[in-house]
Amino acid sequence: MVSVNSLLALLATLISLIGIAPLWPYLDRTPQLVLPLALVAGLIFDRRREYPLSSRWATLISLVCVAVYAARISRTTLVEPVVNILALLLAVRLLTEKSGRNYLQIFVLAIFTLAGSTLLSLSIGFFVYLVLQVIMVTVGLVLLSFHTVDPQLVLARPQVKKVLGAALILPAASLLSMFFFFAILPRTEHPLWNFLNPGATSAAGF
């Protein structure tokens with residue numbers, strides 16, 4: 001028997017790890033130290049169902065983190081403070097009790113941190129991280145639909161395999177469709193949707 005809540009907690013940790021992995025070398029020292037601790041401590045808290053960090057303290061810490069790094073934002077320095085804020089907010093959310101809404105916040109923050117890494121470094125490895133994160137987030141959303149109905153739901157292993165198999169169909173079909181349409185759609189030097197808002201043309205002559 002497998003608990004849906006345990007599966008979601010594990011998926012949330014993996015999704016967060018994928019989101020921060022390419023960004024970690026560019027973070028400040030504090031987020032670099034806090035994030036690994038938050039990932040490990042979050043798993044321990046989820047297993048024990050005990051969360052020392054209450055929602056009130058989590059909100060206060062989040063506001064302090066935002067205030068500290070927002071003060072560093074300037075015309076020349078924008079990306080670094082923002083990605084550090086995202087990383088710290090993700091770390092705080094991993095340490096708190098996880099409801100359906102909190103899981104969604106973890107997914108969104110992890111996606112934003114992965115997207116933020118492209119502002120600092122653009123490599124082919126991003127595509128691998130993106131595919132893995134899309135697959136895991138899709139599976140997480142399917143499991144979250146069960147969690148919303150019954151947070152204490154427990155599934156047998158054959159049922160888990162069926163649910164995961166059905167959930168994996170969605171990202172697999174999306175990726176295959178993406179490659180298919182990329183190959184068959186025409187590529188033009190002109191914007192494809194210009195016919196919706198054609199530019200004005202001038203006429204010369206008498």
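Me: What should I know about the model before we start?
Reply: It is predicted, so local features need pLDDT of at least 70, side-chain atom pairs count only at pLDDT 80 or more, and totals for chains, interfaces and linings use all residues. Residues are numbered from 1 along each chain as its sequence is written, and side-chain values use heavy atoms, without hydrogens and water.

Me: How much space lies in the largest pocket?
Reply: About 270 Å³. A pocket is an open set of points on a 1 Å grid over the protein atoms alone, where a 1.4 Å probe fits, with protein on both sides within 12 Å along at least five of seven lines. The volume is the space filled by probe spheres set on the points, which are joined across faces, edges and corners.

Me: Which residues are closest to its centre?
Reply: Ala58, Thr59, Ser62, Val92 and Arg93, out of 14 lining residues (an atom within 4 Å of a point).

Me: Which helix gives the most to that lining?
Reply: H3, with 5 residues. Helices are DSSP runs of H or I, at least four residues, numbered from the N terminus.

Me: And by class?
Reply: The lining of the largest pocket has 6 nonpolar, 6 polar and 2 charged residues. Ala, Val, Leu, Ile, Met, Phe, Trp, Tyr, Cys and Pro count as nonpolar, Asp, Glu, Lys and Arg as charged, and the others, Gly among them, as polar.

Me: New topic. What lines the second largest pocket?
Reply: Its lining includes Asn5, Leu43, Arg47 and Tyr103. H1 gives the most, with 4 residues. About 180 Å³ of space lies in this pocket.

Note on methods. Helices (H or I, at least four residues) and strands (E, at least two) are DSSP runs, numbered from the N terminus.
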